[in-house]
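Please find below a short note for a reader new to this structure.

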Amino acid sequence: MRWLLSLTFAALLGIVQALSSSGSRLLVVVEEAAERAKYSTFWKDLEERGYKLTFDSPKNDKLSLFQHGERSFDHILLLPPKSKGLGPALTPNLLLQFINKDGNILLTLSADAPTPTAIFSLLLELDIHLPPDRNSLVVDHFNYDTTSASEKHDVLLLTRSSPLRSDARNFFGGDGALAFPRAVAQELGNTSPLLAPILRAKSTAYSYSPKDVVETVEDPFAIGEQIALVSSMQARNSARFTVFGSAEALEDKWFDAKVKPVGGKDSKTANREFAQQVTAWTFKELGVLKVGSVEHHLSSISEESFGNDSVARLGYLNPTIYRVKNDVTFNIEFSEYSYDHLAPLKIDPADALQLEFTMLSPFHRLDLVPISTTANSTIFSSSFKLPDQHGIFSFRVNYKRPFLTNVDVKREVTVRHFAHDEWPRSWEISAGWVWIAGVWITVIGWVAFVGIWLWSEPAYDKSKGKKMQ
Amino acid sequence: MPPKQRAQISSTSSVPPIPKSITSTSQSTTHGKSSSTSSFSSKSNQSAQDVLIDLWNNYLNTTPQRVKLVDVFMAFLVMVGGLQFVYCVLVGNYPFNAFLSGFSATVGQFVLTASLRIQTNPENKMEFRSVSHERAFADFVFGSLILHFFCVNFIN
């Protein structure tokens, strides 16, 4: 309901610009005003998309991420500080608390400004590893900008990475070269399922520390596509944390710079578009799934059978109890937030949205099929026969994909066994006719036997019988 | 019921006399195999067919008419039960309760009839002194009715 309300408001106010699905208060942590001016285009782009930017210095004593136990901001953008640390208001613990309260963070790094230890340990906790030498930068002798870094080769020219998986959504696609000056390499841990690289370096890149006096680099921190330049962590509560390897790439001068790859032609960088994609994703303008109505009912009952009786129409929905082997239909409405509106969710043919009917473990795992689309949602449906097992079950839709918010919807129902009078009568099952006949033949045979027995009292017994009476 | 018992005992005199040796044969007719082997060993020059025919004739001649009737009914039950079982093996046991009640009706009826046979057989008179034939028959009818009631209900 809230999104509907906000949509209405947006329409009324005539704001057609994008608006994050999770709020527009953005805190930008930047130390100096001069530093802030370098990114003016970036700020303008964000403000145009509906964000209310608050600039603050980490040195400010009054800066606080929380007020009365609630978040004071919806998103944080951290620029690399010139001083040693981020101050008492932005400790790793507070930043994690911010994430736990559904806040999103975009962290930018730069090889020019050494990463503070606090950030280093925060990233370590999330299984994102930075080179131990704080001045390390990524160098590529094959994909660099010849106009600005013909000597040092530290301005990387990159194209967007291919999607992580064939069925994963690609929010960061597009043409054009990305310039990444003096980037900090990140290495993602193998064990965390929450991490996903957004942009990876080319196979010829490596991380290198300019302090090294040795001519050749021995045992580099990371090489090739192992290096993530932009990486993301989506927490279990779907809060997003993005590490942007090169803060400089967001500056005005790289937004409209002309770059020239080795043996290539001059071209304009796509940094501005890429920055928009990354911020849009991090601040939840993209890839946010929303579940609308969830309903289940007996397949034998359809909405049409009630006509205009609205009470009866609702009465058959979502019963708390079913019987084993009932035919049941499950419907779920899904929307996907896209910049400023909810759009119908489309599932990639290689992917599947699945319904589980589960008690401890799933008894059924079925594909949900889109049956209808409204202006901003798709309704997925699946019909199936309940298993021959009674107990407390739940309908569960567990949809977790890279770059999409986590969906885990459960609806609990009781499944009872057959009532005494719900079994088919014996004669309805033709296979049992022989045995039914068997019983009745036995009975009839017995009656005949009793009749003959009584009728055929033997002669020698008669005298006995008389005597007895 | 002392008078009844006395009457029963006194009635033995009115039963037609049966030769002792023949009675022993007829007694063991139900346990066919052992009796046939014993008779075979005693008259070894007879063929098996002759023995069987002898046995059958003995049975026809010496068995009281009511016991024969009981035997016919038991043979009928074996046949009906056997057919149901064969059908179950061939076609499958669905619906199982129908099979159970159909088959157990014959088995249960067979057991009840067997006990009726034991109790009313004049051979066993000495063992069932206190049970008159009428009492045995009434028990049989009562037990059978309960059995039929159960089977018909169980088959649903």
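What distance separates the centres of domain 1 of chain A and domain 3 of chain A, taken over C-alpha atoms?

1. Those two centres lie 98 Å apart. This is a predicted model, in which local features need pLDDT of at least 70 and side-chain atom pairs count only at pLDDT 80 or more, while totals for chains, interfaces and linings use all residues. Residues are numbered from 1 along each chain as its sequence is written, and chains are lettered from A and ligands numbered from 1 in the order in which they are written.

2. Chain A is assigned domain 1 (19-282), domain 2 (288-421) and domain 3 (432-468); such bounds come from an automatic or database domain assignment.

3. Chain A contains an open sheet of seven strands, ordered 2-1-5-6-15-14-12, with mixed pairing. Strands are DSSP runs (E, at least two residues) and helices likewise (H or I, at least four), numbered from the N terminus; two strands pair if DSSP finds at least two bridges between them. Strand 2 (52-56) and strand 12 (195-200) of chain A are the edges, each pairing on one side only.

4. Five bridges join strand 12 of chain A to strand 14 (residues 228-234) of chain A in the antiparallel sense. A:Leu199 has A:Val230 of strand 14 as its bridge partner.

5. The contact between the chains involves 27 residues of chain A and 34 residues of chain B, where contact means C-beta atoms, placed from the backbone, within 7 Å. On the side of chain A that touches chain B, helix 9 (433-455) and helix 10 (459-468) of chain A each give two or more residues; helix 9 provides the largest share, 14 residues.

Technical notes:
Contact = placed C-beta atoms within 7 Å.
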